[in-house]
Structures are given as structure tokens and as C-alpha cells.
Amino acid sequence: MEVFTKILYDIAEEKIPKSSSKPRHFYPWFNDDCKNVIKERKKALKDFKKNPTQSNLLFYKRLCAEARRTVRQAKKQSWRNYVSKLNARTPIKQTWDMVRKISGKIQTKPIKFLETPEGVMSSKYDISNTLGKTFEKNSSTENYTPKFQKFKEKAEKKNINFGHSTIENYNAPITYTELQEALSKAKNTAAGPDQIHYSIIKHLPEPALCTLLHIFNNIWEKGEFPPSWRNAIVIPVPKPGKDGTLPGSYRPIALTSCLCKTMERIVNFRLTWYLESNNILTGLQAGFRKGRSTADQLIRFESRIREAFIKQEHMVGIFLTMRKPMILRGNMAFSRIYLMQASVVFCQILLSTF
């Protein structure tokens, strides 16, 4: 895997030009009419600066008004065209991305400084270390109770036997069809530390994909995880409504290797198929399942409330608020809950209050 990754990187470094590090903002409503009218407005401004007469000023103001009207109409038309394409299968992220693009909102600004008990951190090195220590503390076993820590240490000392006497389908070698399907389902997310983007992997010729498949099967059969896949680039993202000067106001986003995520997707497909086909998962679980969402639980909750009204019964709802899911262990971001607050809500529903 190390050699394969290096070859891909060297080819990409030589043949694919890199884009600018400065973010280029894209506005989907910006059409040729907007381009022409803004070009004319800039030309009128230059003419007015060279010859500041009253007629040139009025002409410039008229073009400014025309440019505002053209941009406003282009935004409305772009939004109408986009909304007409929305349906029940459109991801919510895609919708909000379009809203932000039409609104012209730019990306978040870099962190300038952080306030800590030791003082104000302003250098990039100090800010990175402070955020790293904060994320490490959130994912530390110190957040566990002493009782659970003893249980965890005892459980981790037990040897796990992964051998099995029967041959299961999910243990079979990975096929070329599975690799192609995993790549077709992959989105063009950011690359990990190896700088190998999904666009590079998707455009590999068939011999190169066969080589990648051979490496995947080697990893799958021997169970030897590539050390480079254990590294990740952690990007702090500010939490909405939080003070940006505090280290605890950021959540980590881990960028791992796209090659690693491709193999993870193949394994996930197999395990999901096995769990669903054998009805191992309960029908009440809605999260992380195809064709299900949190809306199912809300509808089920609403139905129970209505039944309680009709039958003049009491209904009890228990909600768990989970805090500080974390961070990096191995090659991916494992969701670990270190601090859990439970609030029990007793809903006494009477027929008279309906």
C-alpha cells in the first residue's frame, strides 16, 4: 500500500496541476447577463474617474441599479430552477449548500487566538497544540468512572478469537464488482494525509484497480492494517452559537485516507447486508440504516401519544442527551460517549387536555 500510494502521488504531482490555496467562491446564479452588466458598470466607473462629469455620474448610477436588478433576478431564477428539482430523495446537505452558495456566504475564517487559563494563544503552533490537548482530554479514559475503568481494563486483557469453523460470505475475498460499486458510491470528499483524492482513484485504469484490489485482499486475508491509514488530518470546526475564542467551542473533523475509506465502505456493505438479510437488527432502530431516518422515531412517538389520548392512558418518554462524542483511535473517528446525561420526562396525557 505504501508503494502504491507513492506511485499515485508522484503521477498526480507530475500530471495534475494544483489549484490555488485561496478559496474560490462559486455563485450558481452568476450567468452571462450578470457578467456583462457588471463589466459595463466597472467600465462606467473608470470613465467617471477619468472624467468626473454629471452625465458620467448619472450613467454610472444607472448601470449600478441595472446591475443590482439583474443580479437579483438571476438569484430568484436560479433558486426557482433549483427548487423545482427538489424531491424526497434530495439530501438535506445538498439543499443547504445551495442556500449558502446563493446567499454568497463564505467559509469560516481561520482561528486568530484562543483564551485558556494559561493565557491568550495567538500563534498557529500554540493554537494547534491547545486544540489537540482539548480533543485528547475529551477522548481520554479519565472521563470514565473508576468502576468502568476497571471493567474496561479487565475486558481488554481477554484475547479475542476471530477464527470460525464455518465459511461465511462476508469473509470471502473482495471482488472487482464490489470495488467498483464502492467507488461509485463515494463522494468527492477531501483527501487524507496521503493526498490521494477520490477523483484520482475513480479515474484509475483497470490494471491499476486490479492491483488495488489485490492489495485490499492481502490486507483482508492477513489482517495487517497499513500504518499510514492510522494517520488523519484533524480540522477544528466551530460549534454554532459558541464562543470562538474558547478551545471547547470546536469539534474535530478527521480526514482519513480515501483508499482506507474505500475498503471500509466495502466491509460496511458486507456487514450491513448480513445484518439486514438475517434480521439481526431490531426493527426499532432507525439510525444508520438505509431507508430509515429519525423521522420514523418521531412518527412512532407521535402515534404513541395519540394512542394514549384515545385510551386515556399515561405515556412515559425517556431521552438520553449524549455529550462529547470523540475522536481518533486507529484509522478513523470512533464515536465514543464519555459523558452522558439522562433526563427522564414523564408525560401524563389526559383526555381532558386533548
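Biologist: Is Ile7 buried, partly exposed or exposed, and what is the relative accessible area?
Modeller: This is a predicted model. Ile7 sits in helix 1. Buried needs under 20% and exposed needs over 50%. Ile7 falls in between, so Ile7 is partly exposed, with a relative accessible area of 46%.

Biologist: Which residues make a nonpolar surface patch with Ile7?
Modeller: The patch covers about 290 Å². Besides Ile7, its members are Val3 and Ile11.

Biologist: Does Thr5 count as buried or exposed, and at what relative accessibility?
Modeller: Thr5 lies in helix 1, which spans residues 2–15. The cut-off for buried is under 20%. Thr5 is under that limit and therefore counts as buried, at a relative accessibility of 12%.

Biologist: Which residues does Thr5 contact, leaving aside neighbours within four places in sequence?
Modeller: Thr5 belongs to helix 1. With those neighbours set aside, the contacts of Thr5 are Asp194, Ile196 and Leu259.

Biologist: What share of the contacts with a separation of 6 or more joins residues 24 or more positions apart?
Modeller: The protein chain has 11 helices and 8 strands. Among its contacts with a separation of 6 or more, the share from residues 24 or more positions apart is 62%.

Key. Residues numbered from 1 in each chain as written. Predicted model: local features only at pLDDT ≥ 70, side-chain atom pairs only at ≥ 80, totals over all residues. Heavy atoms only, no water. Helix = DSSP H or I, 4+ residues; strand = E, 2+ residues; numbered from the N terminus. Contact = heavy atoms within 4.5 Å. Buried < 20%, exposed > 50% of the residue type's maximum accessible area, 1.4 Å probe, protein only. Patch = residues over 30% accessible without salt bridge, like charges linked within 9 Å, V, L, I, M, F, W, Y side chains within 5 Å. Areas by Shrake-Rupley, 256 points an atom, 1.4 Å probe, with all protein chains shown as cover. Salt bridge = Lys/Arg side-chain N within 4 Å of Asp/Glu carboxyl O.
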